[in-house]
Amino acid sequence: MSDLDSLAIEAAACRACELCNTRKNVVFGEGNQNATMMFVGEGPGRDEDLVGRPFVGRSGKLLEKLIEQETGWDRGEVYIANTVKCRPPNNRNPLPEEIASCEGFLRSQVAIVNPTVIVTLGAVASRALLGVNEGIGSLRTQVFDFHGCVLIPTYHPAAALRGGTGVLAAMRSDLAKARLLADE
Ligand code: URA
């Protein structure tokens, strides 16, 4: 069994925060264990909670399309995870204590996959990994180091679905930049 498989089993039994009381499934993450690019979202929504897989709803379909079009990879070639592994009720933002309870799983996923580039999707994931409180609009124009990986913040696909001006174009350009950096 791989290190990621053992970690997923541990996560499936996790009761470290209140989200365990309302989840249907733990959404650990999935993809290529040797991926050079890893995506980190916020947390499971309704669709993900029902099936136990990340980004399977509308945001996921858009993310999949952007990954394919801007990096040339399909979703199975990258690794996809979330900041918290259990759905926050009514899709509210995860609370700081929930993010903190789940942080060990995400850090271990990063350490095991050891991607060249991490793309954080939205303010929650970007702030959680970087430990900052800036808005995503300014974070996304910067490139960070996260324990030896290049970290590129971009918008969450839900923001593009809401039709924010220029959000989709900005995401495309961020993913294209991430792809170039993944090859270096
Ligand atoms: N939004 C997220 O942040 N993660 C998912 O897995 C699905 C929607």
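The exercises below, each with a worked solution, concern a predicted model. Residues are numbered from 1 along each chain as its sequence is written, and side-chain values use heavy atoms, with hydrogens and water left out. Because the model is predicted, local features need pLDDT of at least 70 and side-chain atom pairs count only at pLDDT 80 or more, whereas totals for chains, interfaces and linings use all residues.

**Exercise 1. Strand β2**

Determine how many of the five residues of strand β2 (residues 37-41) are buried, and which strands pair with β2.

Solution. Strands are DSSP runs of E with at least two residues, helices are runs of H or I with at least four, and both are numbered from the N terminus. Buried means under 20% relative accessible area, exposed over 50%, and partly exposed in between, with a 1.4 Å probe and protein chains only. Five of the five residues of β2 are buried, so the strand is largely enclosed by the rest of the structure. In a regular strand the side chains alternate between the two faces of the sheet. Here Met-37, Phe-39 and Gly-41 lie on one side and Met-38 and Val-40 on the other, and both faces are covered.

For the pairing, DSSP must find at least two bridges between two strands. Four bridges join β2 to the parallel strand β4 (residues 117-121), with Val-40 opposite Thr-120. Four bridges also link β2 in the parallel sense to β3 (residues 79-82), where Tyr-79 is the bridge partner of Met-38.

**Exercise 2. Helices α3 and α8**

Describe how α3 and helix α8 (residues 167-182) cross.

Solution. Their axes, lines fitted to C-alpha atoms over the stretch in contact (heavy atoms within 4.5 Å), come within 9 Å and cross at roughly 50°. Angles run from 0 to 180 degrees between N-to-C directions; those under 35 degrees count as roughly parallel, over 145 as roughly antiparallel, 65 to 115 as roughly perpendicular and the rest as oblique, and α3 and α8 are therefore oblique to each other. Among the residues that meet are Leu-62 and Leu-66 in α3 and Leu-168 and Met-171 in α8.
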